[in-house]
Amino acid sequence: MKVYVNGQFVDEAEAKISVFDHGLLYGDGVFEGIRLYDGCVFRLDEHLERLEKSAKAIMLNLPWSRQELADIICESCRQNGLKNGYIRFIVTRGVGSLGLSPKSCTEPGIICIADTISLYPEEFYTQGLRIITAPTRRMNPAALAPMVKSLNYLNNILAKMEAQNGGCLEALMLNDEGYVAECTGDNVFIRHHDTWLTPAYYAGALKGVTRGAVIDIMREAGMNVVETNLTRYEVWTADEMFLTGTAAEVIPVVEVDGRTIGDGSVGQQTLDLLQSFHRIVREDGTQI
Ligand code: PMP
């Protein structure tokens, strides 16, 4: 596999960065996870816009145009002969000294890995996930805005480990006020009667690209979808539930904290949305 590191494509084994890169020393940087479907990069412009906004929020100046970034991503896919895959695009503060100050970092670092991704095992798309609420809360926006897709994922990693300790693959994360924010790497949707509800991004959710695509599908189909504050009670008593994410796409949830969602089977609307999502990913992409 060829990996793009700081201006060059190198073999996987040669893809290395400095131990003085502040991305490594402090998690100081931003990233995107992007999908390639049948030779088209899904919603590339939206991913790059989110990357630029994440960078701006942490005062990381990107010296590249959006087109230059897009070219690196497309070229990474071509170099690896990929038609379907998962692209990890990372911008770090760059190489500096051991101190916290980013002033020692003169140039941002850039890494692009075009690979494949293993989703949740197939059985969970037909049978649904069982999840629990993690004790670890989502980051308070006054500490670090959860809308920033930064290299600081410890918050989510701890919640993921708590899910695994509880025998689950995913966990629901609440914000510091107790409202539902998202899962460790996916956004959350629940249905009550004919209304779909999803936490607003100001509740501590990342503005997921998949979340946006699913909301577009719902609105175009005339479905009712509302971005709002959700409590765990509303989740436990929902008729239907699913999660969205670049890697997971649309995955059903059938149990939360021991409470069965709906009748415990995967909802028909979830299955229909997954099908519609698979249709648009092949229409809504940038050809590599
Ligand atoms: N929330 C978090 C914390 C994430 O890391 C991700 C991406 N894996 C998502 C939500 C889903 O966002 P997207 O649909 O853009 O992948």
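1. In which sense do β11 and strand β12 (residues 224–228) pair, and over how many bridges? They pair in the parallel sense, over five bridges. Two strands count as paired if DSSP finds at least two bridges between them. Strands (E, at least two residues) and helices (H or I, at least four) are DSSP runs, numbered from the N terminus. Within β12, Val226 is the bridge partner of Leu197. The chain gets from β11 to β12 through helix α6 (residues 209–220), and this β-α-β crossover is right-handed. Right-handed here means that, with the strands pointing away from the viewer, the path from the first strand over the helix to the second runs clockwise.

2. A word on the basis. This is a predicted model, with local features needing pLDDT of at least 70 and side-chain atom pairs counting only at pLDDT 80 or more, while totals for chains, interfaces and linings use all residues. Residues are numbered from 1 along each chain as its sequence is written, and side-chain values use heavy atoms, with hydrogens and water left out.

3. Back to β11. Five of the five residues of this strand (195–199) are buried, so β11 is largely enclosed by the rest of the structure. Buried means under 20% relative accessible area, exposed over 50%, and partly exposed in between (1.4 Å probe, protein chains only). Thr195, Leu197 and Pro199 point one way, and Trp196 and Thr198 the other. In a regular strand the side chains alternate between the two faces of the sheet.

4. The other partner is β10 (residues 187–192). β10 and β11 pair in the antiparallel sense over three bridges. Trp196 is the bridge partner of Arg191. The two strands form a hairpin with two residues between them, and His193 in the turn has a positive phi of about 55 degrees.

5. Now the packing. The largest nonpolar core has 39 residues, and Leu172, Met241 and Phe277 touch the most other members. α6 gives this core its largest share, six residues. A second, separate core of 25 residues includes Val41, Ala70, Cys112 and Val148. A nonpolar core is a set of buried Ala, Val, Leu, Ile, Met, Phe, Trp, Tyr and Cys residues joined through side-chain atoms within 4.5 Å.

6. Thr184 deserves a look. It lies in the loop between β9 (180–183) and β10. At 7% relative accessibility, Thr184 counts as buried. Leaving out residues up to four places away in sequence, its contacts (heavy atoms within 4.5 Å) include Tyr153, Asn156 and Met173.

7. α5 (154–165) gives the most to the lining, with three residues. On a 1 Å grid over the protein atoms alone, a pocket is an open set of points with protein on both sides within 12 Å along at least five of seven lines; a cavity is a set where a 1.4 Å probe fits but cannot get out; lining residues have an atom within 4 Å of a point. Grid points are joined across faces, edges and corners, and a volume is the space filled by probe spheres set on the points.

8. There are two cavities of 30 Å³ or more.
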